[in-house]
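This briefing accompanies the sequence and model shown below. Please keep both in view while reading the points that follow.

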Amino acid sequence: MWTYEKRLQYPVKISKTCPKTAQLIISQFGGPDGELAASMRYLSQRYTMPCKEVAGLLTDIGTEELAHLEIVCAIIYQLTKDMSLEDAKTAGFDAYYIDHTSGLWPQAAGGIPFNACEFQSKGDAITDLFEDLAAEQKARTTYDNILRVVDDPEIKDPIRFLRAREVVHFQRFGEALEKTKDRLDAKNYYYANPEFDKKLFG
Ligand SMILES: [Fe+2]
């Protein structure tokens, strides 16, 4: 279960309306490398992780990704809550406006809706941890791209925080991968799954 704390993990205070920027940053809500995919990936994978410490790490990071989703949503909301219809039209936000007004809905920057195929839960510790390492780098790259495109310092500040956390998560998953490999038979790396092929691993 979870306990909800009614505050953001990092503050968001944006004074300038900009639906164009919201349309880009929304990718980190519902895009392929966004925070919704990240939280669902880790919170789903944790059940079959053979090493309990690694399962706990997935719970912790999956939970933190939900807090990041909240930060991203707060950024999008603050960028669009005072927009006029004219703002939406000139920013190319009008298609989104037709379907959602200024409501938050998970999609990629290009308008593709969130879908569970954007993450994997394979039931194999090594496979899943490699996916997690890649996911953290992809999220970090997306934040890098956002930082290159956005100029407003009020937006860049929380984005820099989110980027820094992706780097920390990558390091934690690297440690988890080493720990998991130390405890598995080396043969598993290539052809067997210790969570499924139990008789091979006693
Ligand atoms: Fe992350």
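Which residues of H3 are buried? They are Glu35, Leu36, Ala37, Ala38, Ser39, Arg41, Tyr42 and Gln45. The model is predicted, and its protein chain contains nine helices and zero strands.

**Overall architecture**

- Read along the sequence, the protein chain has the pattern α-α-α-α-α-α-α-α-α.
- Taken along the principal axes, the C-alpha atoms of the protein chain fill a box of roughly 65 × 35 × 30 Å.
- The protein chain has 202 residues, of which 35% count as buried.
- Contacts in the protein chain between residues at least 6 apart in sequence join, in 77% of cases, residues at least 24 apart.

**Helix H3 and its surroundings**

- Helix H3 is largely enclosed by the rest of the structure, because eight of its 11 residues are buried.
- The buried residues of H3 pack against H2, H4 and H7.
- Glu35, one of the buried residues of H3, is also among the positions that UniProt lists under "binding site" in an unreviewed entry.

**Helix H7**

- The 25 residues of H7 should span 36 Å at 1.5 Å a residue, and the end C-alpha atoms of H7 are 36 Å apart, which agrees.
- The buried residues of H7 are Ala125, Asp128, Leu129, Asp132, Ala135, Glu136, Ala139, Thr142, Tyr143 and Ile146.
- An α-helix has 3.6 residues a turn, so residues three or four places apart point the same way.
- The cover over the buried residues of H7 includes helix H1 (19-25), helix H2 (27-30), helix H3 (35-45) and helix H8 (153-183).

**Nonpolar core**

- The largest nonpolar core has 40 residues, and those with the most contacts inside it are Ala22, Ile25, Phe29, Val72, Ile75 and Ile76.
- Two or more residues of this core come from each of H1, H3, H4, H7 and H8.
- H4 gives the most to this core, with 11 residues.
- In soluble globular proteins, nonpolar side chains tend to be buried together.
- Beyond residues up to four places away in sequence, Val72 touches Ile25, Gln28, Phe29 and Glu35.

**Annotated binding-site positions**

- The UniProt annotation "binding site", from an unreviewed entry, covers Glu35, Glu65, His68, Glu136 and His169. These residues span 135 residues in sequence, yet no two of their C-alpha atoms are more than 12.9 Å apart, so they gather at one spot.
- His68 lies in helix H4 and counts as buried because it has 27 C-beta neighbours inside 10 Å, against a cut-off of 20 or more. Leaving aside neighbours within four places in sequence, His68 is in contact with Glu35, Leu162 and Arg165.
- Glu136 is placed in helix H7 and counts as buried, with 23 C-beta neighbours inside 10 Å. Not counting residues up to four places away in sequence, Glu136 touches Glu166, His169, Phe170 and Phe173.
- The contacts of His68 include Glu35 and those of Glu136 include His169; these four residues are among the annotated positions.
- UniProt also lists Asp60 for "binding site" in an unreviewed entry. Asp60 lies in helix H4 (residues 52-80) and is partly exposed, with 14 other C-beta atoms within 10 Å.

**The loop between H6 and H7**

- Thr101 is found in the loop between helix H6 (94-100) and helix H7 (125-149). Thr101 has a positive phi of about 50° although it is not a glycine.
- Thr101 counts as exposed because it has 11 C-beta neighbours inside 10 Å, where the cut-off for exposure is 12 or fewer.
- Phe114 is found in the loop between H6 and H7. Phe114 is partly exposed, with 18 other C-beta atoms within 10 Å.
- Leaving aside neighbours within four places in sequence, Phe114 is in contact with Gly30, Leu36, Pro106 and Gln107. Among these, Leu36 is one of the buried residues of H3.
- Phe114 and Phe170 are 56 residues apart along the chain, and their C-alpha atoms are separated by 23 Å.

Key:
Residues are numbered from 1 along each chain as its sequence is written. This is a predicted model: local features need pLDDT of at least 70, side-chain atom pairs count only at pLDDT 80 or more; totals for chains, interfaces and linings use all residues. Helices (H or I, at least four residues) and strands (E, at least two) are DSSP runs, numbered from the N terminus. UniProt positions are given in the numbering used here, feature names are shortened, and annotations may be inferred rather than shown by experiment. The expected span of a helix is 1.5 Å times one less than its number of residues. Two residues are in contact if their C-beta atoms, placed from the backbone, lie within 7 Å. A nonpolar core is a set of buried Ala, Val, Leu, Ile, Met, Phe, Trp, Tyr and Cys residues joined through C-beta atoms within 7 Å.
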